[in-house]
Amino acid sequence: MKRQMNSIEDIWQSVLELMGRELTPVAISTWFGECRAVGMTENSFTVLVPSEFKRSIIAVRFMAPLKEALGQIFAGDMDVYLVGEEDVEDAASARGVEETADPNEYTFDNFVVGPSNKFAHAASLAVAEGQTTVYNPLFIYGESGLGKTHLLYAIRHEVARRHPEYNIVFVRGGDFMNELITAIQTGKNVEFREKYRSADLFLIDDIQTVAGKVSTQDEMFHTFNTLYESHKQMVFTSDRPPSEMPLLADRLRTRFEMGVQADIQPPDFETRAAIVRNKSMKLGLALSNDVVNYIAENMTANVRQLEGAVLKIRAQSDLMKTQLTVSEVSRMLKDMFKQKSSYVPTPEGIIEETAKYFSLSVKELRGQSRTKNTALARQIAMYEIRKLTNLSLEDIGEIFEGRHHTTVLSSIQKIENKVAVDKEFNQMVRDITSNINALG
Ligand code: ADP
Ligand code: MG
């Protein structure tokens, strides 16, 4: 897509156009006539579908063309959330169509503790039990699928049990934003403020989505101050620490950093095995140690994946039968392994592709030249490596002739900043990403 896109409405128009190549105009106007794009993040797109009936039809029949159109525009997979008017107000139910887990299960009891999440767990528990007032705010961060949302619900659950009288407000960052937009449009600003500023406990999931959204950040800032001054506990989750959110307003960053930050890392082998054991027991599935170890050894990405594996086995197995063998399980999970081994580019591949795009040699790109073109290409390569691989800032520094990790971070932030404000630049970086992914 070469065309300039300035707003979410423009993007939505393009989505409709692209879908129009496959679907008839009647189908488009029937099903999408009243839809409105209401939210967008790096990797998700939220569409308001006022009619519940149409929402269900779109979810079943039109999800594929919708995702495909977005995929073409953004050169990558986008999650699509279909929401109703009521969802925009009821944040908890606007969690999207793909999440099926029951939040009532997200309790401390059901949370398996290991070295990778020990501190985040302990801090959450301390907050929930009201043992401390210095963990305010508690800021939990870590990659997707590692248990941040689980901990947030666990806090809610525990506090609600101890203090039924508390007004607990739980919201996802993106929903806070959508709700604010609606409030402004409908002149309900006062109600909006009242709702958030009257919280006794304020829980915000995925706060990273509001970074860069000016009025949302302003509102969050004032909410924060009001609650903080009246000693109300706040907990935020994010996919990264405040220091790595370049678009976050500084005054919010300093506030997020005022309390305690707790990161969650991917679980180690023992924790993975414990999680598999825990989840399977809950499903009434008795797995042998061999099978548990097999799963823990092979599913390493995150807890969501481990959980998916157990659910899959449960769905396919006959509970009456004798214990499953490793080879039966490996057959059941074949598809998931295939997914897991889906292409992760190497840093070398990324550097090569980026160098090619700028007509540079790999040596120039890695080297010390400070010419504008080379420096930019180098920053983009660092950004891509960070985005597409699991390497740390230190690792990336090593690849680039031992540069310091702070240099790497500031390079990546430069690109992130530019991608966020400059559409053409954004498109260029997306082009490079798809060139890299095409290697797979
Ligand atoms: P995040 O919000 O970090 O992306 P979630 O909290 O949604 O991750 O966790 C993904 C899934 O993995 C959830 O079903 C959650 O219950 C489960 N999960 C994550 N960590 C643990 C853990 N330590 N013990 C048990 N289940 C976990
Ligand atoms: Mg989450």
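1. Ground rules. This is a predicted model, where local features need pLDDT of at least 70 and side-chain atom pairs count only at pLDDT 80 or more, while totals for chains, interfaces and linings use all residues. Residues are numbered from 1 along each chain as its sequence is written, chains are lettered from A and ligands numbered from 1 in the order in which they are written, and side-chain values use heavy atoms, with hydrogens and water left out.

2. Overall make-up. The protein has 21 helices and eight strands (DSSP runs numbered from the N terminus, H or I of at least four residues for helices, E of at least two for strands). Its C-alpha atoms fill a box of roughly 60 × 60 × 55 Å along the principal axes.

3. Packing and surface. Of the 440 residues, 49% count as buried (buried is under 20% relative accessible area, exposed over 50%, partly exposed in between, with a 1.4 Å probe and protein chains only). Take the contacts between residues at least 6 apart in sequence: 70% of them join residues at least 24 apart (a contact means heavy atoms within 4.5 Å). The accessible surface comes to about 21600 Å², and 50% of that belongs to carbon and sulfur atoms (Shrake-Rupley method, 1.4 Å probe; for residues, only the protein chains shown count as cover).

4. Charges. There are 50 positive and 60 negative charges, and their mean positions are 3 Å apart. Lys and Arg count as positive, Asp and Glu as negative, with His and the chain ends not counted; each charge is placed at NZ of Lys, CZ of Arg, CG of Asp or CD of Glu.

5. The whole structure holds 16 salt bridges (a side-chain nitrogen of Lys or Arg within 4 Å of a carboxyl oxygen of Asp or Glu). One of them pairs Arg 197 with Glu 219, with the closest N and O atoms 2.9 Å apart. Arg 197 sits in helix α8 (residues 189–197) and Glu 219 in helix α9 (residues 214–229), so the pair ties together parts that are 22 residues apart in sequence. Arg 197 is partly exposed at 25% relative accessible area, whereas Glu 219 is buried at 7%.

6. Other salt bridges. Asp 239 and Arg 240 meet at 3.0 Å, N to O; Asp 239 is partly exposed at 30% and Arg 240 is buried at 17%. Asp 250 and Arg 253 pair at 3.1 Å. Both lie in helix α10 (residues 250–256), three residues apart, or about one turn of the helix. Asp 250 is exposed at 55%, while Arg 253 is buried at 14%. Check the network too: salt bridges link Glu 129, Glu 158, Arg 161 and Arg 162.

7. Backbone spots to look at. Most residues other than glycine have a negative phi, and most peptide bonds are trans. The peptide bond from Asn 136 to Pro 137 is cis, with omega near 0 degrees, and Pro 137 is in the loop between α5 (118–128) and β4 (138–142). Asp 206 has a positive phi, near 55 degrees, and belongs to the loop between β6 (201–205) and α9. His 231 also has phi near 55 degrees; this residue is in the loop between α9 and β7 (233–238) and counts as exposed at 70% relative accessibility.
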